Amino acid sequence: MSFLDAGFLETEDSDPHASLTIGALAIMEGPVPGQDEFRDTVAARFAKLPHARDRVHTVPFDFSAPSWSPDPHFDLGHHLRRVAVPEPGEEESLFGFVARVMAHRLDRDRPLWECWVVEGLTDDRWAILTKIHHCMADGITGTKLFEAMCDEVVAETSRTAEPDTDAEPVPTVGTRLESVESLVRSTIEFLSPVRQLRLVSAALAIPRRLTAAGIGVATGLTHLLSEMLTSSTDTSLIGPIGRQRRYCTARVRMHDVREICATYRVTVNDVALAAMTTGLRQLLLKRGERPEPHTVRTLVPVSVRSATEEHAIHNQVSLMLPFLPVDIEDPVEQLVAVHERLTTHKESKEAEGGKAFTAVAQYGPFMPMAWAVRLATRFPQHSVVAVATNVPGPKATRHVMGRTILEIFPYVPIALRLRIGIAILSYSDHLAFGLTGDYDTTPDLTDLADSIERGVLTLLASSRAADAASE
């Protein structure tokens with residue numbers, strides 16, 4: 001397991017109120033499949049994916065990084081669930097169910113994923129909710145894993161063989177004996193002269209690796225670390241969180257977003273973050289707080305997956321930490337400010353600096369790295385106020401077992417005093433915002449979703465007025 005993958009496990013262990021799972025909720029059209037049909041088709045496809053049959057194997061005292069080992073008692077029944085929302089099957093009930101499921105931690109003694117069939121939605125619809133621990137995948141990989149269930153992708157890759165779910169379990173010893181044996185093996189390996197020589201060599205190579213990464217990358221890492229240590233203005237958007245979650249969504253048309261992009265020469269991500277800015281500004285005002293320039297620092301994950309790592313399954317993300325311009329009232333000026341700030345952060349090579357740090361950490365001993373992460377997460381952070389991740393989804397309409405996927409909504413977890421997380425996913429002509437909030441401190445999460453939708457519509461009206469004026 002990579003250092004970044006293991007970091008999500010360490011963070012979850014350090015925050016008792018966090019469940020670091022990512023997910024996707026697909027709204028389906030057509031008849032609900034029977035349990036046997038669902039198991040034999042979709043579930044079989046999912047169970048073939050990397051680590052779908054593996055559980056996390058840890059070593060006492062963090063002598064080595066966690067790894068994956070086959071679950072000797074793998075049973076699809078532990079991972080496939082079915083539920084019906086109460087009548088009349090409205091979205092409020094569905095989203096409440098999503099919040100409860102995603103807030104519950106996955107069982108570390110089993111493979112870290114679940115797949116739910118949700119029946120009883122209005123208009124003869126149903127849903128599929130997939131839940132994966134963040135140590136297994138980042139947003140990009142998670143989307144690919146979800147797509148692997150779709151008929152089109154299965155046809156393209158000719159995945160016709162199904163896993164043998166009735167195979168005899170592999171003999172195994174007791175958990176306590178396994179832990180003792182793992183500790184003995186890891187201790188012997190850790191204390192061996194060869195291992196010690198490798199650790200010394202890795203430590204001596206760190207300055208060389210940073211130098212090879214380039215001065216710009218080193219500067220980006222320095223800039224990133226300084227921002228992480230700088231506090232944001234006091235706001236109710238950050239603070240202690242509980243175990244329960246709220247979840248809701250916002251929807252806009254991708255056609256409208258592209259129209260805005262064409263007018264103002266910005267990106268889809270710029271428009272999405274500008275709409276978030278509008279929403280968070282309105283939320284602060286409704287709470288009686290004054291939006292200031294340094295009120296909302298947002299963690300924006302950035303994929304650093306290279307062309308050669310396209311099929312890598314582990315996390316390949318870094319981050320930027322821009323302040324959203326919630327102090328600006330005019331939506332178009334907000335959009336311009338977002339675009340300029342993201343451009344500045346990209347030019348400062350923050351994302352490359354973050355990638356260099358995790359790459360260097362991969363070569364060092366795991367024990368001090370793990371303990372450092374745990375120590376850092378126990379100090380209350382006051383810098384990052386929200387997380388906003390944007391993942392491109394399928395451009396064409398997808399199907400599962402011949403049923404059309406109408407919409408896909410993403411889910412991003414919150415932890416470490418972050419009370420709001422927003423995931424953005426494009427699908428067909430939809431751009432969906434999945435909003436996660438702490439249950440006790442964000443009772444107005446739906447107000448934020450409504451403001452995001454209005455923010456995009458306001459930008460669309462402004463762009464059309466600008467285009468008409470220029471004709």
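R398 sits in the loop between strand 10 (386-392) and strand 11 (399-400) and E147 in helix 4 (residues 139-147), so the pair ties together parts that are 251 residues apart in sequence. Helices (H or I, at least four residues) and strands (E, at least two) are DSSP runs numbered from the N terminus. Both partners are buried: R398 has a relative accessibility of 14%, and E147 has a relative accessible area of 16%. Buried means under 20% relative accessible area, exposed over 50%, and partly exposed in between, with a 1.4 Å probe and protein chains only.

A salt bridge also joins the side chains of E407 and R251, at 2.5 Å from N to O. This pair links distant parts of the chain, with E407 in strand 12 (residues 403-411) and R251 in strand 7 (residues 245-253), 156 residues apart. E407 is buried at 13% relative accessibility, whereas R251 is partly exposed at 29%.

## Other charged pairs

The structure holds 14 salt bridges. One of them pairs R253 with D256, the closest N and O atoms being 2.9 Å apart. R253 is partly exposed, with a relative accessible area of 42%, while D256 is buried at 7% relative accessibility.

## A buried lysine without a salt bridge

K131 belongs to strand 6 (residues 125-133). K131 is buried yet has no salt bridge, and the nearest side chain of opposite charge, E114, is 4.1 Å away. For charge, Lys and Arg count as positive and Asp and Glu as negative; His and the chain ends are not counted.

The side chain of K131 instead reaches backbone oxygens: that of V101 at 2.6 Å, and that of H104, which lies 2.5 Å from a polar atom of the K131 side chain. A polar contact is a pair of N or O atoms within 3.5 Å; within protein, one must be able to donate a hydrogen and the other to accept it, and residues adjacent in sequence count only if both atoms are side-chain atoms. Not counting residues up to four places away in sequence, K131 touches T21, I22, V101, M102, H104, L106, L112, W113 and E114; contact means heavy atoms within 4.5 Å.

## Nonpolar cores

The largest nonpolar core has 45 residues, and F38, W113, I128, V400 and I405 have the most contacts inside it. Such a core is a set of buried Ala, Val, Leu, Ile, Met, Phe, Trp, Tyr and Cys residues joined through side-chain atoms within 4.5 Å. The elements that give two or more residues to this core include helix 1 (3-14), strand 1 (21-29), strand 5 (113-121) and strand 13 (420-427). Helix 2 gives the most, with five residues. At least three residues come from each of domain 1 (3-149) and domain 2 (221-306 + 313-395 + 412-469), with the bounds taken from an automatic or database domain assignment.

V400 is in contact with M28, V42, I128, M149, C150, D151 and I405, leaving aside its neighbours within four places in sequence. Another core, of 42 residues, lies apart from the largest one and has M254, V296, L448 and A449 among its members.

## I408 in strand 12

I408 is found in strand 12 and is buried, with a relative accessible area of 3%. I408 and L129 are 279 residues apart in sequence and 9.7 Å apart in space, C-alpha to C-alpha. Beyond its neighbours within four places in sequence, I408 is in contact with A24, L25, A26, F146, P394, L425, Y427 and A432.

## Backbone features in loops

The peptide bond from E87 to P88 is cis, with omega near 10°. P88 lies in the loop between strand 4 (80-84) and helix 3 (91-103).

R265, although not a glycine, has a positive phi of about 55°. R265 is in the loop between helix 9 (254-264) and helix 10 (268-286) and is exposed at 75% relative accessibility. L416 also is not a glycine and has a positive phi of about 55°. L416 lies in the loop between strand 12 and strand 13 and is partly exposed, with a relative accessible area of 27%.

## Basis of the values

Residues are numbered from 1 along each chain as its sequence is written, and side-chain values use heavy atoms, with hydrogens and water left out. In this predicted model, local features need pLDDT of at least 70 and side-chain atom pairs count only at pLDDT 80 or more, while totals for chains, interfaces and linings use all residues.

Definitions and conventions. Salt bridge = Lys/Arg side-chain N within 4 Å of Asp/Glu carboxyl O.
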